[in-house]
Amino acid sequence: MMKTHSRRSLLLVNAVIFLLLLVLIGRLAYLMIGRADYYSQKIQDMHERERSIKAERGIIYDRNGNILASNRPVCTISVIYSQMTDREQVIQVLSDELGLGEEEVRKKVEKVSSREKIKSNVDKEIGDRIREYGLDGVMIDEDYKRYYPYGELASKVLGFTGADNQGIIGLEVYYESTLKGTDGKILTLTNAKGIEMENEAENRIEPAAGASLYTSLDVNIQEYVQQACEKALEAKNAKRVGMIVMNPQNGEIYAMANVPEFDLNEPYTLNIETEGELTQEKKTELLNTMWRNFCISDTYEPGSAFKIVTAASALEAGTVTRNSQFYCPGYKNVEDRIIHCHNRSGHGAETFVDGIKNSCNPVFMEIGERTGIKNLYQTFRKLGLFSKTGIDVPGESSSIMHKEENVGAVELATISFGQSFQITPMQLLTAVSTVINGGTKITPHFGVRTVSADGENIRVLSYKEEKNCVSKETSETMKDVLEQVVASGSGNKAYLEGFRIGGKTATSEKLPRKSGKYIASFVGFAPADNPEVIAIVMIDEPEGTYYGGTIATPVVSEVYANILPYLGIKKQETKVAFD
Amino acid sequence: MAKVGREKEGTWESYDYSLLFLTIFLACFGLVMIYSSSSYIAEIKYKDAAYFLKRQGIAIVLGSIAMLVISRVDYRVFLKPLPWKGINLTAVFYVFALLLQLYTLFFGIKINEARRWISLGPLGTIQPSELTKVAVILFVADLIYKRAKILERMRGFVYIILFVSPAIALIGKENMSTALVIMGITFVMCFVASRKKAYFFGCAGAAVGGIIAIINSGWRSKRVEIWRNVETSEKAFQIRQGLYAIASGGLFGTGLGESMQKLGFIPEAYNDMIFTVICEELGLVGASAVILLFLLLILRIFKIAINTNDLFGAMICTGVMAHISIQVIMNVLVVTNSIPSTGIPLPLISYGGSSVIFLLMEMGIVLNISRNVGRSQMAALNRNR
């Protein structure tokens, strides 16, 4: 029989066990409820602190398979304090090979931390050399760095990537999820006593490379375009020159230049000279300006090039025909004010066609008045001037238009020749494309298809198209009239022997008026009867002569001289109609 | 007084079916959790998600058979005197265990830097220290049974400790935590048996004081270092991952099989760290339920201990109870990083064949004692008649 005192002791022992178990439940409750938020943060940190293997980012190609953006293998060198056996040698080798100061390396090597990064973006050759020393506790993790073989080519369109290989601007951002891929992980295991487990292969989750992007860009066209823009920029000492070359039938963009461009491999180096030390704020501002794709991000008053849209709207509304008669005395009275033509002595009697060829403002004010704001806006809306184009790069601006109910006679008059509202060059190009391609509104774009890393999964990108935004007849008339503008009108400097080119010039005075700052521009397409390519160029703040017809038109003409044969557009007999 | 025949081997009415059920339930729950926590790793390492489940399943079946057989064999067979003077089976068993430990120390197999296993050829490996725990419980119970009075003085306690010290020394070299468990079991058994308590409190006080002094003295053992810097130390990887698992559980857990941390983050999650996966998947509610199940198990053994009329049986129950509760408490203390880490499996649940087989055998002895309870109660009834 168990003695009474033993029973009592046993009861005491049980009470102690009971209490301890209660304490344990309390401890668990504290960890699981009280500290849940703290640990969930830690868990997140941990997942980030696991050694990750970066996934190879997808490659960006041009339409002919030329690589526009790819990856270069680089290494990240780090040290693990507890695993190093000969610290002095580690310091010696790393400072020599990486070209770092001995003190700097020593500080990191001798820091008691689980893992200390010494240097990242080290060339693979140097990483391999360090690996050959076989130093304990030195980790060399392979990594990729984005590399742009063409440097400055289409920099603002392609964009670049940041420290974590994520897109910062341009296509790199827009197609981030396609290009990015999935990062892998390496987990090193230790048991409860902290001994690294032997025979336990590093738990490795392989990364999955991102898909490649095939774009409609053409390296050769882009190079011609960029050179032509740079030439104009220099010749006119302009602030900037932008140009877009597109297929007006389907919206594929062959080239988009925003000169001055910058080197994609050095995206944080300013492309302009600066005086003195810059504040961080100022530098960020300058960088943002440098990275800005103004073809899509900035709006401007389109000026006379917009007369294409006004004319098409009037034809659609049936308020004018080719042969409608006008008279230009050099000005027009609108309500209480006089609005002049650029030709102050007047163009005299003109037909509708003459009005466009002469870019005559009174003719267009008259057309606007006859058509009315309701009809104009109806066509504008169909041509996409009230919405973004939907282009596949980030940062697109919206247009700034008058509200229909606020448009008075003066506004109507100025809208008719392209003033008092703002759109982006991309919007204008899209609208004009719609007018001349038979009436189909296209979505301008770069991305054509994505191809998975193993080449098996091909996705052809499709874009929205809206048919019959203007009628076939309007389209035919406009193509013919615009060809005459180049053949014998204000756009005659775009004339190119053997090619049928249509287009319209523009000279827009920047706000505030009378500041003497202009944007000279030209929209032109070829062949005029069946357009396969359309281009817009805009020279911002040229010095000296600032007329679009004088300085912008030759830029397009020069580019066309190179790219039309390149695109396989056959020479044909041109209609030189000096009628 | 009616004579109760020993050959009748007690009564089945008093056989503690609750204890049997609890034991088997916990072991089967362990199987579920082992499968949950190991299938991912098992698939990777052995191309068989059920690798650990199968091995543990076999151990539990073998252990259960042994438990049922042992529960039918009168435990007092251990007390039968052998031809040599003063020697009985407990002593033989204990010496055998010591020899096995000695053998392990020299010819054992090293796994994870520790030499704790003996190879049985194609049958796998066993961990003799699990057997030694049973041997020590029986041996100490016998010592106390025979010389209950000596514990009234501290000298008697020291005498018992001296007998147990070879086992502690042999195990302690390779497996400090099991040695600690054996010390704890011995301590609790002596404490319960002794009429005088003062020197036990003295000893316990001195031990606690000593530990605190050591930790604060500036002397840093690697483990204390890891324990204190669990968030940053590279070596605290497993404990840290375990804490993350526990904290991910919340009130109701992520659901059975839904643990993230078992996916390679907690090394050997099915082993000593299995409780963290229980916490993550079943939440505070599930984890508390498991702890309460152990409490129930302990209370059943407690009830058998105080109801038996045999001191030897009562001491065995006390030893088994101490064994289970010490391991449960230490295991949960370790995984919650409440004490420096030391490898102690969660009884009946953690993966490990030796551990579960010998524990089931211990439960077999306790079940046999429970039948004896009935006999003594009947004897009492008969007496009163």
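## A proline in a loop

A:Pro527 sits in the loop between β18 (518-526) and β19 (533-540) of chain A. Strands here, like helices, are DSSP runs numbered from the N terminus, with at least two residues (E) for a strand and at least four (H or I) for a helix. The peptide bond leading from A:Ala526 into A:Pro527 is cis, and its omega is near -20 degrees.

A quick note on what you're looking at: this is a predicted model, where local features need pLDDT of at least 70 and side-chain atom pairs count only at pLDDT 80 or more, while totals for chains, interfaces and linings use all residues. Residues are numbered from 1 along each chain as its sequence is written, and chains are lettered from A and ligands numbered from 1 in the order in which they are written.

You'll find A:Pro260 in the loop between β10 (253-259) and α10 (280-291) of chain A. Why point these out? Most peptide bonds are trans, and most residues other than glycine have a negative phi.

Speaking of phi, A:Glu335 isn't a glycine, yet its phi is positive, near 50 degrees. A:Glu335 counts as exposed because it has 9 C-beta neighbours inside 10 Å. The cut-offs go like this: 20 or more other C-beta atoms within 10 Å of a residue's own make it buried, 12 or fewer make it exposed, and anything in between is partly exposed, with C-beta atoms placed from the backbone. A:Asn468 also has a positive phi, of about 55 degrees, without being a glycine. A:Asn468 belongs to the loop between β16 (458-460) and α17 of chain A, and with 11 other C-beta atoms within 10 Å, A:Asn468 is exposed.

## A residue on the inside

Now look at A:Leu482, in helix α17 (residues 472-488) of chain A. Is A:Leu482 buried or exposed? It has 29 C-beta neighbours inside 10 Å, so A:Leu482 counts as buried.

Leave aside the neighbours within four places in sequence, and A:Leu482 is in contact with A:Ile308, A:Gly502, A:Gly503, A:Lys504 and A:Ala528. "In contact" says that the two C-beta atoms, placed from the backbone, lie within 7 Å.

## Chain by chain

Chain A has 18 helices and 19 strands. Of its 579 residues, 44% are buried. Among contacts in chain A with a separation of 6 or more, 72% link residues 24 or more positions apart.

Chain B has 12 helices and 3 strands. It has 385 residues, and 51% of them count as buried.

## Two helix pairs

In chain A, helix α9 (residues 219-236) and helix α18 (residues 548-566) have axes that come within 10 Å and cross at roughly 160 degrees. Axes are lines fitted to C-alpha atoms, for helices over the stretch in contact, and angles run from 0 to 180 degrees between N-to-C directions. α9(A) and α18(A) are therefore roughly antiparallel; that label takes an angle over 145 degrees, whereas under 35 is roughly parallel, 65 to 115 roughly perpendicular, and the rest oblique. The residues of the contact of α9(A) with α18(A) are 10 nonpolar, 2 polar and 2 charged. For these classes, Ala, Val, Leu, Ile, Met, Phe, Trp, Tyr, Cys and Pro are nonpolar, Asp, Glu, Lys and Arg charged, and the others, Gly among them, polar.

In chain B, helix α3 (residues 89-107) packs with helix α5 (residues 154-172) at about 20 degrees, with axes 9 Å apart. That is why α3(B) and α5(B) are roughly parallel to each other. Their contact has 8 nonpolar residues, 1 polar and no charged.

## The cores

The largest nonpolar core has 122 residues, with B:Met189, B:Ile274, B:Ile301 and B:Ile316 having the most contacts inside it. Such a core is a set of buried Ala, Val, Leu, Ile, Met, Phe, Trp, Tyr and Cys residues joined through C-beta atoms within 7 Å. Helix α10 (residues 274-307) of chain B gives the most to this core, with 17 residues.

Apart from this core lies another, of 119 residues, including A:Cys229, A:Val259, A:Met426 and A:Ile519.
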